[in-house]
Amino acid sequence: MSALGSANSAQPQGSLSAWAPQDWSLAPDWQPLWQAFLASPHGQQLGQRLQEQIDAGLQLYPAHPLRALALTPLEQVRVVILGQDPYHGPGQAEGLAFSVPAGQRPPPSLRNIWVELKREAACCQPADQPVHQGSPQLGSSLEPWARQGVLLLNTTLTVQAGLAGSHAGWGWERFTHAVLQACAAHGRPKAFLLWGRHAQATAESAALDRQPHLCLRANHPSPLAARRPPQPFIGCGHFGAVNRWLLQRGEKSIDWC
């Protein structure tokens, strides 16, 4: 049975309290990759370093680093949106790239995702549902996307409070690289949305930019890049393009709004 919507994927609260991978739920078809990583030197070193920070009293986010893999099983992945690392402010990170828990003020990158969705409102609706009247009904959390097969994956899955990129190069990338390769190799073709140089470089290293996949590139939705050349995020049209591609393949489109 699919793990989508399981009780174990409920939204976690607070910070990471311990390196306790046995307590982090994830869909069964991700387990072989995860167990192999845990048994590897990179996985063991990562766990030791994170536990040392926790023991030193540092706050790490999110509480459930693998939540994207709990909400979106490998067999259900249709779209991959690749982020860099979790938000580092209190209460922001919920284990899904670009997403914050419901009720949290959306960070600037997420606000620009909203801007692009509103611009695309007429074409980002599923073809079998009526178009929303007025502005799309958007929330802070992107969990509804994850439950439709959109894998919201950061390449680094933890961060120290207040220090963006603080766990980059610690070993998470070994695991998330394997996740991306599994997405590319398993089952149906996928759409990969690559926003910013980091995501684009990661995709190239994982050899994602090959047929029969759809790879769409744009600048990062950060205010520093969203409207600038060479590929402005605002106006990229990625959400509608993904739905058209899915429909052409005979698949159900994503309700982005």
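How do the residues of the lining of the largest cavity divide into nonpolar, polar and charged? In this predicted model, seven of them are nonpolar, two are polar and none is charged. The lining consists of Pro62, Pro65, Ala68, Pro86, Gly95, Leu96, Leu152, Asn154 and Leu157. A search of the whole structure finds one cavity of 30 Å³ or more, and the largest cavity has a volume of about 50 Å³.

**Empty space**

Rolling a probe the size of a water molecule over the atoms shows where empty space is left. The table sets out the volume and lining classes of the two features.

| Feature | Volume | Lining by class |
|---|---|---|
| Largest pocket | about 720 Å³ | 16 nonpolar, 17 polar, three charged residues |
| Largest cavity | about 50 Å³ | seven nonpolar, two polar, no charged residues |

The largest pocket has a volume of about 720 Å³. Of the 36 residues lining this pocket, Gln84, Phe98, Ser109, His220 and Ser222 are the closest to its centre. Strand 2 (79-83), helix 4 (108-119) and helix 7 (197-205) are the elements that each give two or more residues to the pocket lining. Helix 7 provides the largest share, with four residues.

**Helix 1 and helix 2**

The axes of helix 1 (residues 31-39) and helix 2 (residues 41-55) come within 4 Å and cross at roughly 75 degrees. Helix 1 is therefore roughly perpendicular to helix 2. The residues in this contact divide into five nonpolar, three polar and no charged. On the side of helix 1 they are Phe37, Leu38 and Ala39, which meet Pro41, His42, Gly43, Gln44 and Leu46 in helix 2.

Definitions and conventions
Residues numbered from 1 in each chain as written. Predicted model: local features only at pLDDT ≥ 70, side-chain atom pairs only at ≥ 80, totals over all residues. Heavy atoms only, no water. 1 Å grid on protein atoms, 1.4 Å probe; cavity = no way out; pocket = protein on both sides within 12 Å on 5 of 7 lines; lining within 4 Å. Points joined across faces, edges and corners; volume = space filled by probe spheres on them. Nonpolar A, V, L, I, M, F, W, Y, C, P; charged D, E, K, R; others polar. Axes fitted to C-alpha atoms, helices over the stretch in contact; angles between N-to-C directions. Parallel < 35°, antiparallel > 145°, perpendicular 65-115°, else oblique. Contact = heavy atoms within 4.5 Å.
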